[in-house]
Amino acid sequence: MTSHSESEFVQHEPCPGCGSKDNLARYTDGHAYCFGCKHYEPATNAVEKADLPRRTDLIPVEFAALKKRGISEETCRFFRYGIGQFNNQTVQVAQYIKDGEVVAQKLRFPSKDFISIGDAKSLPLYGMHLWRDGGRMVTVTEGEVDALTVSQLFGNKWPVVSVPTGASGAVKSFQNNLEWLEKFDSVVIMFDDDEPGRKAAKECAMLLTPGKAKIGTIPNFKDANEAHMAGEGKKVIDAVYGAKAYRPDGVVLGSDLWDTVNEDDPNDSTPYPWAALNEKLLGIRKGELVVLTSGTGIGKSSVCREMVCHLIRSGKKVGLLMLEESVKRTARNLMGIHLNTPPYFWADRDVSDEQKREAFDATVAKVVLFDHFGSVDPENLLARTRYMIKSCGCDYIFLDHLSIVVSGLGDGDERRLIDNAMTSLRSLVEETQAAMFVVSHLRRPDGDRGHEEGATTSLAQLRGSHSIAQLADAVIGLERNQQGENPNELVLRVLKNRFTGDTGVAGMLRYFKETGRLAEVEMEMNDEI
């Protein structure tokens with residue numbers, strides 16, 4: 001077998017072991033090694049794997065200090081880690097011992113390639129034979145040399161082991177030896193501080209009883225031996241003793257939350273434009289999703305525009321995704337609110353260009369709009385909304401309306417499509433902590449009276465899916481009898497209020513045609529609600 005130390009790198013190739021496109025390195029003598037999964041192929045003139053020495057044909061080992069790694073002969077002898085000859089090459093040998101007998105040897109070549117000889121199936125953790133079953137703590141490293149390093153720094157008196165096949169096989173090794181690991185009060189996992197090592201550490205920690213696993217890291221060093229060779233062995237010891245108990249992402253101990261709950265709330269609420277609605281909802285809070293719902297033509301868009309202008313006057317940055325109308329129509333309607341003159345009266349009332357410009361600067365110039373060009377692809381919509389929030393600074397978002405978003409998903413089960421859309425919107429709100437208002441339609445209620453005739457709104461009538469109500473922080477129903485005695489009066493009804501639980505009628509708005517505005521009015525006791 002040609003010495004690997006004399007061979008040179010030729011090219012990268014796909015790995016048959018892990019499927020990587022280019023992790024397998026091929027050398028001039030024909031041998032290959034995958035730096036991902038550790039797959040090894042011997043040189044073309046080497047003996048076949050079947051002819052490698054087996055358990056009864058392991059190579060002799062001598063114990064000596066690993067001077068280049070700062071490991072003493074005493075430590076090597078303690079772990080039975082030695083030096084041997086394999087096919088005329090000097091190799092380092094990690095010996096795996098079970099029931100007092102060496103069952104396998106892991107050979108490390110000068111090229112940093114590895115192969116295992118002997119019975120390499122279901123190997124114990126390296127060094128496991130040295131320690132009694134159970135105790136206060138055991139440290140698990142990613143490689144044998146790191147195990148020797150940590151053990152030596154602790155005077156070879158505290159349990160230290162390593163996984164046999166590095167990060168790629170760490171989970172399987174933990175599974176095979178889980179019963180032994182569980183006998184310790186705590187298991188400190190100290191794998192290499194790189195992406196594979198960090199990922200494997202978390203996956204292994206998940207296998208242990210909750211609270212038992214701890215993950216240790218050494219600041220500014222990849223592994224224990226690197227720190228040791230830099231004269232920073234104390235950092236290794238500190239990393240073991242200071243390892244933090246692992247908890248999966250999203251799991252938080254209540255005892256850790258005092259600073260969070262005691263800090264000043266940066267998301268103080270902004271009032272709604274109408275007093276009665278404020279009494280119910282106690283204002284608009286960032287990080288909440290509010291649904292506005294009603295029958296067709298009741299006034300949802302008009303309510304949204306009044307709220308947008310109110311937020312602008314309060315100094316807030318607003319993003320608008322008004323999918324039922326062009327950006328031109330949205331802009332002109334906002335200007336009309338500022339002018340107290342709807343766009344269809346501008347010509348008759350001789351609204352000047354100067355007045356229009358002043359209204360534009362006070363409203364349209366202070367919002368960010370989505371020009372959808374007839375396209376409402378949901379992924380594109382979410383991406384643009386995220387951009388409005390994160391790049392344009394919009395803390396308040398209005399989406400009118402949900403049914404158009406769902407229609408962009410094509411054919412399919414409407415309930416499932418709405419579930420997916422609402423879940424995505426809820427996740428976006430949680431991610432960005434923006435306040436979002438989503439307009440949704442109602443399905444026709446049972447009976448002869450529809451919402452266009454003033455029928456009472458309810459959560460059960462939300463169109464398509466219960467997820468709309470479940471994922472929203474608040475739901476506001478709008479009720480108006482378009483053909484009744486007072487067709488311009490609009491009742492607000494809070495159908496859901498996660499913040500305080502206070503629901504019910506939240507005031508009345510009246511539409512004034514001359515100004516194009518909605519204004520809050522007193523409700524008479526005999527008003528139909």
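A nonpolar core here is a set of buried Ala, Val, Leu, Ile, Met, Phe, Trp, Tyr and Cys residues joined through side-chain atoms within 4.5 Å, where buried means under 20% relative accessible area with a 1.4 Å probe, protein chains only. This is a predicted model: local features need pLDDT of at least 70, side-chain atom pairs count only at pLDDT 80 or more, and totals for chains, interfaces and linings use all residues. Residues are numbered from 1 along each chain as its sequence is written, and side-chain values use heavy atoms, leaving out hydrogens and water.

Start with Tyr-272, Leu-277, Val-318 and Phe-398: in the largest nonpolar core, which has 42 residues, these touch the most other members.

Next, the cysteines. How many disulfides does the structure hold? There are 0, counting a pair of cysteine sulfur atoms within 2.5 Å as a disulfide. Pick Cys-394: the nearest cysteine sulfur belongs to Cys-392, 5.5 Å away. Cys-394 is buried, because its relative accessible area is 0%.

Last stop: Asp-192, in the loop between strand S11 (184–190) and helix H5 (195–205); a strand is a DSSP run of E, at least two residues. Asp-192 is buried yet has no salt bridge, meaning a side-chain nitrogen of Lys or Arg within 4 Å of a carboxyl oxygen of Asp or Glu. The nearest side chain of opposite charge, Lys-222, is 4.3 Å away.

Methods: Buried < 20%, exposed > 50% of the residue type's maximum accessible area, 1.4 Å probe, protein only. Helix = DSSP H or I, 4+ residues; strand = E, 2+ residues; numbered from the N terminus. Lys, Arg positive; Asp, Glu negative; His and termini not counted.
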